[in-house]
Amino acid sequence: MTPLSQLLPGQFGKLASLNPERGVDQRLMALGLLPGMVLKLVRKAPLGDPLAIEFGGQVVSLRLAEADNLIVDVSADCPIPRPRQP
Amino acid sequence: MNLEAVIVGAIVGVAVGWLVRRWLAAARRRKAGGCAGDCGCSAKLKK
Amino acid sequence: MSTPDAGLLVALVGNPNTGKSTLFNALTGLRQRVGNYPGVTVARKSGTCDLGDGQKVELVDLPGLYSLAAASPDEQVVIDVLSGHIAGDRRPDAVLIVADATNLIRNLFLASQVAELGLPVVLVLNQADVAQEQGLRIDTELLSRRLGGVPVILTSAWKGEGILEVRRGLAAALTRRAPLRRVVWPAEIVAALADVAQAASADTGKAIPSADAQRLLFDTNVSTAERLGWTPERREKPLRAARERVRNCGYNPMAAEPLVHYAWLRTALEGVVTEGLGKAGRTSAVDRLLLHRVLGPVFFLGIMLGFFASVFWLAKFPMDWIQLGVDWTKGVVAPSLDPYPMLQSLVADGIIGGVGAFLVFLPQILILFLFIGILEDSGYMARAAFIMDRLFSWCGLNGKSFVPMLSGFACAIPSLLSTRTIEDPKARLATAFVVPFMSCSARFPVYALMCAAFIGPLYGPGWESLVMVGMHCVGLVFAVPTAFVLTRLVLKVKPQPFVLELPRYQLPKPRDVVWRMWQNAAEFVSKAGTVIFAITIVVWALSYFPRDAAVAERIRAAHPTESAELVRARVQAAHVEQSYMGRFGKAVQPVFDPCGFDWKITVGVLASFPAREVIVSTLGVTYSVGEGAEADSQDLRKAMQDAKWPEGPRAGTPIFSLAAVLALMVFFALCSQCGPTVATLAQETGGWKWAAASFVTMTVLAWMVSMVVYQVIIRLT
């Protein structure tokens, strides 16, 4: 289990938990990022922050500090993502 | 008073009156919480 | 306010970046108007849609949002409109939900929330062409059945496909009035919602529909409670109890809504979408370049510089044509008024000269709005915010402030209004305070005039462009430390959440972009034709009166040996000097003397408070009134180039020395809050305190920097 902020660009993971009390997490949930969802850290911004994460066929920008709270399971049994990209 | 002065006076008077009326309307709109700018808001970013 | 002749009202709702506005344009055929919602500053964009059977409905384009759990006042308007809570507007008769066909489930989250409102729905799956390219096949029949029989229509608004079906679907929905099927809530949650509704109803005496109960239970923001008048003291206990109830059946109350909705949607969408082979999207490939660690910022800078360069260069030709047109008009009109010098002056110098000097800058404004429109529609704007966010977070803001700041380069007022998308009030205040530093389009005319008249002829077009760009940067240079001080030290803003979708890149639809540019231009021209026109007349009057014939006599007597030309020029100058405007300018001028301004410039600065573009018109008036109203009189540039200090320590030297020119531009860069901007700032910050602080700070800063610039450069040249 690692915080999303510590993933490397290109790495996949399955969302284990987030913090529904926070506004950021509520926005992410409304976008469909719920526990059990597969996500990918696409890249970091040129200045290092924020992150671009991909899930459910969309790419969303998220700050490093906010990504700390999203715990992700990076173990090997993540399903291969859909070949279709946005 | 010659005709010229009357015409000029009328034009200037209308201009002043129109501006005053417009600014008063903006103040009233602002009180009601509406937009106070002159721009008509179509320059607002598309949502 | 709904128009009486349209009858039925249909609301257009959907996620951002779904092509909703393109669809809106296609359905209304550009028969649109922009109004206001009373009590809110969100623009009410509406249009008339022909349903094909002679029936016409009024279509209202609501702001795009991801969830009815509104995060900002702009988003709150959506649910208020749909619930019929906007004063003066009726509840919509139907909702047209626009979804992106390539990401059905996320788009339908909003739809399933809208379903709770019970309104008739038409579901439009837009961007069907892209979905097809990606190899997706959507069974609209199946989907329609699963969603309760609502019309489900595939469209490509960009290509104009499916529009007819949408009209038919709307007509059908308005007759059959089929609502979207609602989510099935677990029994405990249903009970919790009932508890909330009951408690709120008892305390407020109002009927609480289930949609409202959900907002009360699930939202952290309290706008619904406030709107209902359910006070914090009264709602605290019932809400806590209800949320406890939700927790007891295994859901975190703050996560219950998305969890339940998405689970329901997954079932509803089973088998609806089949994924086949399709082309991989180009977006990720393009982003690899545009968001590259090194190339990304390079492209960004390139795009920004290209923007300013094109605004400057592309506009040159049309600007010259307009100037020719203005001069020609003056030349034709003025001689016919020769017997009436006062009227002639009013028409030729005041009206034509003044308004013309302002109209000349229309091409630049057009290109500016065009460029911003392209940036938004193509999807690059989000990337720009993504790149810039780090810098903004250093000031305690987030990349979302980039968009209001960028649009501040067009006009501060809509930019101030767009700060409403920033959720945190302190961050919003800080952004609003800093926005006026962005060189708004009203300052373009000043820079362009000064550069074209003084920088270009003497130093060449290279320097001309550089100075133009430089002036825009001046504002930025001071904006950054101001923002920092404001957010970190004065307001102590908490770090901002930043969740922004990076949408698929798309080619902006030319018709839409041009249409928006046209709307902005029409507004610019009508501003010129009305407010500026009126102000110019007033300024002319203040510069013309009082007129004393004795002045002419005195000057002729004092300079018996000079040519008629020279004497006439002196007479004209004297007339302006003793006018009301002249006297006021002279009185205030000592304040601006260290900045190198003469009284005419001072007058221009003062007179342009109601609208900054007016300075050009004012200079047009004060210089051409002073230089004679000949039919083919030189345009303003020449007049200024020839202007010299008449007396004092600088007598004989040009007024518009390099130092003065730069000082004036810098002054404008830093202090150009026109009256309406100050008023809007007051309105947005809920009081005059911050607006006054902004005005005072910027004016003093402008004066000091302008003075430093002048004093330093005059010594170097």
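**Ground rules.** I number residues from 1 along each chain as its sequence is written, letter chains from A and number ligands from 1 in the order in which they are written. Because this is a predicted model, local features need pLDDT of at least 70 and side-chain atom pairs count only at pLDDT 80 or more, while totals for chains, interfaces and linings use all residues.

**Confidence.** I looked up the scores first. The model has ipTM 0.90 and pTM 0.79. Chain C averages a pLDDT of 82, and 88% of its residues score at least 70. pLDDT is the predictor's confidence in each residue, from 0 to 100. I marked two stretches of chain C. Over residues 1–6 of chain C pLDDT stays under 50, with twelve contacts beyond four places in sequence. Over residues 626–634 of chain C pLDDT also stays under 50, with 24 such contacts. A contact means that the C-beta atoms of two residues, placed from the backbone, lie within 7 Å. Where pLDDT is low, the predicted coordinates should not be read in detail.

**Sheet of chain C.** I traced the strand order next. Seven strands of chain C form an open, mixed sheet in the order β2-β3-β4-β1-β5-β6-β8. β2 (32–36) and β8 (152–154) of chain C are at the edges with a single partner strand each, so one side of each has no neighbour in the sheet. The twist averages 25° from one strand to the next. Strands here are DSSP runs of E, at least two residues, and helices are runs of H or I, at least four, numbered from the N terminus. Two strands pair if DSSP finds at least two bridges between them.

I then followed strand β1 (residues 8–14) of chain C. Six of its seven residues are buried, meaning 20 or more other C-beta atoms within 10 Å of their own, where 12 or fewer is exposed and in between is partly exposed, with C-beta atoms placed from the backbone. Five bridges join β1(C) in parallel to β4 (residues 56–61) of chain C. Five bridges also link β1(C), again parallel, to β5 (residues 94–100) of chain C. Ala11(C) stands opposite Val60(C) in β4(C), and its bridge partner in β5(C) is Val95(C). By contrast, β3 (residues 43–50) of chain C runs antiparallel to β4(C) over six bridges. There Lys45(C) stands opposite Asp61(C).

**Helices of chain C.** Helix α6 (residues 163–176) of chain C lies across β1, β4, β5, β6 (121–126) and β8 of chain C, at about 160° to β6(C). The axes of α7 (residues 187–204) and α10 (residues 232–248) of chain C come within 8 Å and cross at roughly 175°. α7(C) and α10(C) are therefore roughly antiparallel, the term for angles over 145 degrees; under 35 is roughly parallel, 65 to 115 roughly perpendicular, the rest oblique. Axes are lines fitted to C-alpha atoms, for helices over the stretch in contact, and angles run from 0 to 180 degrees between N-to-C directions.

**Chain C against chain A.** 41 residues of chain C are in contact with 34 residues of chain A. Among the elements that give two or more residues on the chain C side are α3 (104–115), α13 (295–313) and β10 (500–501). β5 (residues 58–62) of chain A and β10(C) run antiparallel, joined by two bridges. Ser61(A) stands opposite Leu500(C) in β10(C).

**Chain B.** Chain B has one helix and zero strands. Of its 47 residues, 30% count as buried.
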